[in-house]
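Here are a few exercises to work through with the model open beside you. Try each task before you read its solution.

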Amino acid sequence: MTALNVPAFAMDISPSKPSASEARPLTTVPARATSGPGGSSAPVGATLIDIDHLNFFYGASQALHGINLQIEEKKVTAFIGPSGCGKSTLLRCLNRMNDLIEGTRVAGGKIKIRGVDIYDPTVDVIELRKRVGMVFQKSNPFPKSIYENITYGLRLQGRSNKADLDAVVEKSLRGAALWDEVKDRLNSSGLGLSGGQQQRLCIARAIAVEPEVILMDEPCAALDPIATVKVEELIQSLRERFTIVIVTHNMQQAARCSDKTAFFYMGKLIEYADTRNIFTKPSNPQTEAYVSGRFG
Amino acid sequence: MNAPDRHVFQAQANNARRWEAAAVWVFRCATYSVLVCGALVFGKIVFQGSQTVFTTKAPFINTAFFTESPETLHVFEFEGKKMELGDRDFRALKAANPAAKDLRSETFVYSAGGIFPAIAGTVLLVIGSMTIALTLGVSAAIYLSEYATQGRLVTAIRISILNLAGVPSIVFGLFGVGLFVIFFDWNVSLLAGWFTLALMVLPVVITASEESLKSVPQGFREGSLALGATKWQTIRTNVLPYAMPGILTSSILGIARVAGETAPIMFTAAYAMRDKLPWEDLTHYSDFVFQGVMALPYHIYVVSSKIPQNEYTERVQYGTAFVFLMIVALIATTSILLRNHLRNRYRW
Amino acid sequence: MDAPRPAHDPEFLVNKTRVRVLGLSLDDAVKFFFGGNAFISVVVLTLITYFLFQEGFGFFGQNQRSLLTYRQAGLEYVDFIRTQESGHTALTRYISDLRLRQFNELTTVRKLDLEAANAQLAAFDEFSGQFSDGVDPLRGLLSDLTEQATAIKTKFLVAEDKKVERQQLVDAGKSVEAAAVKIDQIDFPAELKVLTGALPLYRTASAEFAAKLTAALAKAPTLSNPELATRLIRLRELTSDYIATFPATLRSLETWDYTRPVPWYQSATSFITGRQWLTASFWQDWYGIVPLFMGSLMVSLVALLIAVPFGVGAAIYINQMASAREQRIVKPCIEFISAFPSVVLGFFGIAVLGQALRLLSQQEWLAWVPGFPFSERLNILTAGCLLALIAVPTIFTLAEDALQNVPKAFKEASFALGATRLQTIIRIVVPASLSGIISAVLLGLGRVIGETMVVLLCAGNRIAIPDFTAGLAVITQPVHTMTGIIAQEMGEVVQGSIHYRALFVVGLVLFFLSLAINFLAQKIVRKYRISIG
């Protein structure tokens, strides 16, 4: 368990990388951090991702309007809202997957992870994506064996020690609650698994590279109820080790597995609070209308 | 009016129905007559050509036809018998036999011997030009499918590809003469032929490769990038391997086109007749690419237009056409079957 | 158990380990490599244009000089008379055709034997002899003048060659040798005196010629058959029209002036509108693209006329009517046909199809078909049939794609209204995909017009504008084509000569023709995409 919680960059083999424990100026978190004790010494509940007045455009149409949001470390944050409200767009901004779509741009506002503006030109997108992993709506295992799927990210980083990789595969699959189901067929194709298993394989693949944040874009949208339960349980177990941001349009799912919930509507953040509060005593009438099922 | 055993949806013969039946037959005939025409051409050449290529005695294949160079055929009467001999045998007979010294013969060029140099030349041309075309074409396709963002440059590239695809092959031949043969001073050579053919087939390869790359699901790329792979790593490990079968299959069709074209190599690479094989008598290894070769399609052109049609020349004409058609048909069939197979296999 | 992580970490995400060369990371380098390769297609298209122009452009200058020589050496002058003479040849051909018809009538209808028939025609023969001999004085004059003009031209060309030789010597630094090269100055006015001095001779010869023709016609025998009689009347008309042109010829001769400049555009217009492609001639080479262009056009039209119904029909059948199993079998077969090498098809045309079509045309029961029977086995029809086989797969594949792209909803909506399959196809599917089909046909045309080997082997290679007065029978005439002429003559020309450059200009025409066809096809397709929405 301990080993798993070593910060990702501590495991990075790049020699020039200063180790994580190296002394660093203990700058305080910006005062806007609203919840949690704040400060650098308390990882749980500290602001990890700070979204500051983010505006985002698809070509000429604005998808996100001045989003202000602080995502806390080691918590599950859910984005909810009706289709087209910008929740997936925001999620994909967090590891800059939107860069792949032509004509998109961030116009004003910042996203800071650990105080670093991820849209800064000095930022290496590759490095960012190593630390901010993603699980997609449609499970997308590579047409390779299960083993290769898990080790793919590590091999990219140049890790090829067999024993090392074996250990990571087992750890990740266990972490994704898939080990018992697939341990006898690690070399068969990932495409041969069932839908729910495929999605958990993708989660295992994501955690194998030890990211700090895992983004999940409606991970259960294409799954049947039983597989959904398994994935939700998995999310519960992962919250101890990772900061998780999950997009869902299933309100029960948000209520069941998230600590904090953000409600979006028409590209704007309407309300952001503890999940319990959102679902029991929302402060905004729009939120209330949505969570009580009157629209969306 | 309604008979008791008839219901509302009773099928009735009416004009619309009759017209439809007639139309179906008209269209069906159109379709099958195309196939019949194709089959007639194919059948005639296979039927006549196989008489040259196959023999009734073991080993059932006319090996001389595949292993020898073309020769002049001599037809003459000797000692009361009508004889047909290739040039070398004819000379040998004259030398050995004093009675045959003043023998007069009817001669038909290229009608004896075989077509080995032409086969070898075609193989060399195809291998070289496809290597060039695949390297250029696949790279270009990767750029267009994976890297390119909309812009003036990419528009220019796409327009160029579309237009290059329509340029007649003889114009490529002229271009090859202008650029490779004269400007680069490569003369009539394998190298000039390679590049001319490669550039001609480039649009086919690019289009086919891009299609294959595009058919790899976006999820593979996103999944890989989200794990911190660089773009090139993603392409190398997670896109190209899955697109490769498609690229190769479609490129085989390009090979068929390269092998089948005559016009571009007429003035850039092909000789009507060359005694030496491409790998014989090379003083320097670079001579290899700076020599012209014989090629099957050009040989067919030569034997079908420069020598008369008769029972003696017919054999080499049909034989060459048969061998060539078989090679091209084999390539094309492989490509078509392989593609259908892959279509069923790769469904993500 | 966790090492505390700082909430603010300026080094986070900034990776300094990536190797950069010249400011490029590996990824950028890879991208530029691929981009460079993609750019090659643009480069190639530019180079094609450039080299066709580079090799072809010199043609216009050279042709200009050639036309100038044609005028200065008096060849043009002589050709006025030659035109007059060849007009007469056409008339005598008409007469011999008339004789043949009369002869056939005598032998087949009236069952006379050969001798009797010839005897019957004695009067006619006398007339035709007189008619054709009439030209003799003119012809004699013409051959004299031809010799003289050729002599002037040769002198001029020799002088030009010497000039080149001297220039080369000067360039090589051999000034002594250069000075030794003697160049004869051509005194055109003096040389041309010989030609222009013959004008009085021409006047008398021409007048005599006209008189003889009129005299001969006056004694023309009457023909019994009404159809042939009308032909004879037609001959009279033609002849009097012909004689009426004599004064114009005379005027041309009188006003002819060798110093009249050749306008700069003439070399281009003489190429574009020239009706003759005549090379390696002792007299004057003509590079006119019209016969070649017409040849290409006729062959392509015949091919499309055959290929469009079959190609589009097959596409409609396979896409809309055939069972799935039929589709699976037929589509690969048609694709297979598209892989037939054109040179093999050309050979098939020479060896089988040409002969077969000729035999077919000689069947009695097909005599009503225009142009049947024909004797040239290699002609527009033979080449057109084979090209159709090449065009069908192209048209089929593209048209099938277009049909496939019609949204299913259109069809379903039509069926739901109770339309039959045929009604749906005719009223919904085909109109919706019409522009796609049209562009398929256009691309088929592009394929056919650029095809070389089939036309080179099967179109008959006679450089002449098809005789459209023959009506539909025009498709049984042999022609030469633009692609064919390049393939045929490119191997034999001297590099850099006017003929060589003329072939490149033909290539340029082909190139731009194919670009235009492509452009049109794309434009139509784009329009179609919008209409589908």
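A handy term to start with: a residue is buried under 20% relative accessible area, exposed over 50%, and partly exposed in between (1.4 Å probe, protein chains only). The model is predicted, so local features need pLDDT of at least 70 and side-chain atom pairs pLDDT 80 or more, while totals for chains, interfaces and linings use all residues. Residues are numbered from 1 along each chain as its sequence is written, chains are lettered from A in the order in which they are written, and side-chain values use heavy atoms, without hydrogens and water.

**Exercise 1.** Work out how the rings of Phe142(A) and Phe220(B) are arranged.

*Solution.* 
- Start with the rule: rings of Phe, Tyr and Trp (its six-membered ring) pair if their centres lie within 6.5 Å, and planes under 30 degrees apart are stacked, over 60 edge-to-face, the rest tilted.
- The centres of Phe142(A) and Phe220(B) are 6.3 Å apart and the planes stand at 85 degrees, so this pair is edge-to-face.
- Phe142(A) is buried at 0% relative accessible area, and Phe220(B) is buried too, at 4%.
- Over all chains, the structure holds 41 aromatic pairs.
- Another of them joins Phe56(A) and Tyr58(A), edge-to-face with 5.5 Å centre to centre and 90 degrees between the planes.

**Exercise 2.** Describe the interface between chain C and chain B.

*Solution.* 
- Count who takes part: 75 residues from chain C and 76 residues from chain B are in contact (heavy atoms within 4.5 Å).
- Next comes the buried area, meaning the accessible area (1.4 Å probe) that two parts lose on being put together, summed over both.
- For chain C and chain B that is about 6700 Å², with 79% from carbon and sulfur atoms.
- On the chain C side, Phe34(C), Phe51(C) and Phe347(C) lose the most area to chain B, together 10% of what that side buries.

**Exercise 3.** Which side chains meet in a salt bridge between chain C and chain B?

*Solution.* 
- Look for a side-chain nitrogen of Lys or Arg within 4 Å of a carboxyl oxygen of Asp or Glu.
- The count here is 1 salt bridge.
- Glu20(B) and Arg421(C) are the partners, at 3.1 Å from N to O.
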